[in-house]
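Subject: Structure handover

Hello,

Here is the structure for your files. Please open it next to this note. My findings come after it.

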Amino acid sequence: MIELVQGKIDLERVIAAVSHPGAGATVIFVGTTRDHNEGREVIRLEYEAYEEMAISELQRLVLTAQTQWPETRAAIAHRLGEVPLGEPSVVIAVSSPHRAQAFAACRFLIDELKKSVPIWKKEFFQGGEVWIGTQQGTPLPSSWVRPDS
């Protein structure tokens, strides 16, 4: 299961997508909007995505994780639009017969999602707003650059 959603993420649905009788471990990562960042009082976050490419990249990441940790199952849900304080913006669930593989695959998925998936975060704080990510000059992954550019 890979999905981009408007509105709240259904945590139980994400967990159910990886549950099976052979799973001895299920690891869940829930990324939430915190109230402070870099000394600023955060009001909310907003996410935008190049949806078709984001889904494709998330699928690629899950396949990569399942190749590296063959007995894992993974599900990812990322919220788009406004995400108020304390609410999840991303949920990743990974199941495996053993905890070490589930933890490793989950860590890989969130780390790589942040690096390569075209989902952008705008932070609203007391006194302003700022885009966080590639808009601030971080180089684009080579998979995002068109050959004719």
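Below are the notes on side-chain contacts and surface.

First, the ground rules. This is a predicted model, with local features needing pLDDT of at least 70, side-chain atom pairs counted only at pLDDT 80 or more, and totals for chains, interfaces and linings using all residues. Residues are numbered from 1 along each chain as its sequence is written, and side-chain values use heavy atoms, with hydrogens and water left out.

Salt bridges

The structure holds ten salt bridges (a side-chain nitrogen of Lys or Arg within 4 Å of a carboxyl oxygen of Asp or Glu). One of them joins E123 and R40, at 2.7 Å from N to O. E123 sits in strand 7 (residues 119-125) and R40 in strand 4 (residues 40-49), so this pair ties together parts that are 83 residues apart in sequence. Strands are DSSP runs of E with at least two residues, helices are runs of H or I with at least four, and both are numbered from the N terminus.

E123 is buried, at 2% relative accessibility. R40 is partly exposed, at 22%. The cut-offs: buried is under 20% relative accessible area, exposed is over 50%, and partly exposed is in between (1.4 Å probe, protein chains only).

R79 also bridges to E87, with the closest N and O atoms 2.6 Å apart. Both residues, R79 and E87, are buried.

E112 and K115 form a further bridge, at 3.3 Å from N to O. Both lie in helix 3 (residues 99-116), three residues apart, about one turn of the helix. K115 is exposed, with 57% relative accessible area. Elsewhere, shared partners link K8, R79 and E87 into one salt-bridge network.

Charges over rings

R40 turns up again here. It lies over the face of F125, 4.6 Å from the ring centre. R44 lies over the face of F124, at 3.8 Å from the ring centre. The test is NZ of Lys or CZ of Arg within 6 Å of the ring centre and within 35 degrees of the ring normal.

Surface

L11, I28 and V30 make a nonpolar surface patch of about 200 Å². Patch residues have over 30% relative accessible area and no salt bridge; nonpolar side chains (Val, Leu, Ile, Met, Phe, Trp, Tyr) are joined within 5 Å, like charges within 9 Å. Areas come from the Shrake-Rupley method with a 1.4 Å probe; for residues, only the protein chains shown count as cover. V30 belongs to strand 2 (residues 25-32). V30 counts as partly exposed, at 35% relative accessibility.

Best wishes
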